[in-house]
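Visitor: I would like to learn how to read a few features of a protein model. Please take me through them in order.

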Amino acid sequence: MNTTVNVGETSVEHAIRRLTRGVIAGAFILAVASNPPNAWGADVSWTGGSNGNWHVGSNWSGGAVPAPEDNVTISGVSVTVTDARQINGSFTLTDGARLTVSGSGASFVAAGATAISDGRLQVVSGGMADLSGATEYHWSGCGDASLILVDGEDSVLDLSGVATIVAGGGDCEGGALTIVAGSGGYLNLGALASISAPGPQALSIELVLDGAISVPNLESIEGLDADHEVNIAVVVDADSSLDLPSLTALSHTSITVVGGLVLANALVSADSCILAPAGIQSLSMLALESMTRSMLTAPTTGRWTLPSLTHLRDTHVVLAPDSTLNLPELTTVEGMTGPASVSVTGEASLSAPKFTTARNVNFVAAAGAELDLTALRSYTWDRCEAGAPFTATGAGTLLDASGLDTISITNSGCPGLAHPTSATGGARVDLSALATVETPLGQVKSFLAANANSVIDLSALVNFNPLTVTFSESDGGEIIRAGGGEGEGEGEGEGEGEGPPAGCPAPNFGARSSAAAVAGDSLLLMGVLAALGLARRRPRAGK
């Protein structure tokens, strides 16, 4: 029997304890299930109320408790086993029925053909259940439902023959479905190859308080394939761990790790996902190379590394205060179907020494953060959505893109970006190597520095069209221009220029990170005057 163990100071002791428990449980179930099925049993069904005990004969057709050789069907009701029961004939759980095995002396074994069709299972308070004859688990009911619950020390549920779990149907309008192992409970899904939630219902798979789930052969977790929604959640809390050694496909899924550990070191790509580890390296994905339409977060005190990640597409990176994200091989971040974003707040650290290329990305630094983009060499914006590519706000905040030499804006005929760069509230944006800004005619692109100690360093900028690029300083903000001093022909921008809030590309994630700061009326006036040739223009350096 495969088990999942915790990683920590007592990992060896924990492994021995879990393995011992699993061996004892497996030996018990194997011994009880060794009797051959009797083909001559009667067909027995539940006729009692909506809730009742297995051991009460009046709850069953024929007025007697099922014999081991009988074929048993439970439909649409909740039945509880509190002693030892075995069915060698067929066993069917259907139509929303729930089977509960409760208590340290309680056990249930379905040794014959086993079918779970819209059935629910609970093993609690040290109970044991063997339904390893079931080969698939399907739930098509609507509304909220606890599908599988294994809770309590020494509680064991063996579904080791189930190869597929399909939760939710297309006719439902919503609801929350759960699979939970908690308080030392153990769920064996040794043959499971795929988990899917094809409908609008949300499926949550949770390990809490030392709960364990064994899924050594799980290859794919796939949620609803519509509008990039995320409707499967994997949650692992402290004292629990989840090993996914065979996982190669992950989509429309969020993985949240709160003090526990998730290992998915065979996974290469993720689509429409949210990865949210908390703690020190609590989510390990050593082979992950790319993420699409996703969110990558490091909550407060989060510390983790994705050593193989090279490409982020339509993905949002969010670093909370006092968090660290190390992306040593990342080269490219781009928005293809909408703007992407990288947001850093407070004393957070993003390390991406090979990150050279950005396309349609909003970079946001706030509340004293230092966003290191010194490796960035190429930046392009070709979307029609508004955006604020480089935004810094708050005293002590630094957005350092001092290696970038060209910004190319190619969205001709679109509303425009408003402020390609803004520094407000005492922040600084370092674009000291930026020599060229390429932007289509007919749009005014403004660099905005607002409030005292807010600075944008454009000391190398010499190649731009003054009909399309303007410089706005207000309330003591400063823009450093080529040749020294402040730029001429500036407009007074009234907008704060604080870029968009970090968001994601799906309704489940929140609004897209595409809002832009609005230029002031005087800035618009300066653009019109410049277009008419009535505004002063600063000569290019050397002319």
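This is a predicted model: local features need pLDDT of at least 70, side-chain atom pairs count only at pLDDT 80 or more; totals for chains, interfaces and linings use all residues.

Visitor: How many helices and strands does the protein have?

Guide: Helices (H or I, at least four residues) and strands (E, at least two) are DSSP runs, numbered from the N terminus. The protein has two helices and 52 strands.

Visitor: How do I read a sheet, and what is the strand order in the open sheet of six strands?

Guide: Strands of a sheet pair through backbone hydrogen bonds, either parallel or antiparallel. Two strands count as paired if DSSP finds at least two bridges between them. Here the order is 5-8-11-14-17-20, with parallel pairing. Strand 5 (84-87) and strand 20 (212-214) are the edge strands, each pairing on one side only. Strand 5 is joined to strand 8 (residues 107-110) by four bridges, and A84 stands opposite S107 in strand 8.

Visitor: Which residues touch the most other members of the largest nonpolar core?

Guide: A nonpolar core is a set of buried Ala, Val, Leu, Ile, Met, Phe, Trp, Tyr and Cys residues joined through side-chain atoms within 4.5 Å. Buried means under 20% relative accessible area (1.4 Å probe, protein chains only). In this core of 120 residues, W54 and F363 touch the most other members. Strand 13 (residues 145-151) gives the most to the core, with four residues.

Methods:
Residues are numbered from 1 along each chain as its sequence is written. Side-chain values use heavy atoms; hydrogens and water are left out. Buried means under 20% relative accessible area, exposed over 50%, partly exposed in between (1.4 Å probe, protein chains only).
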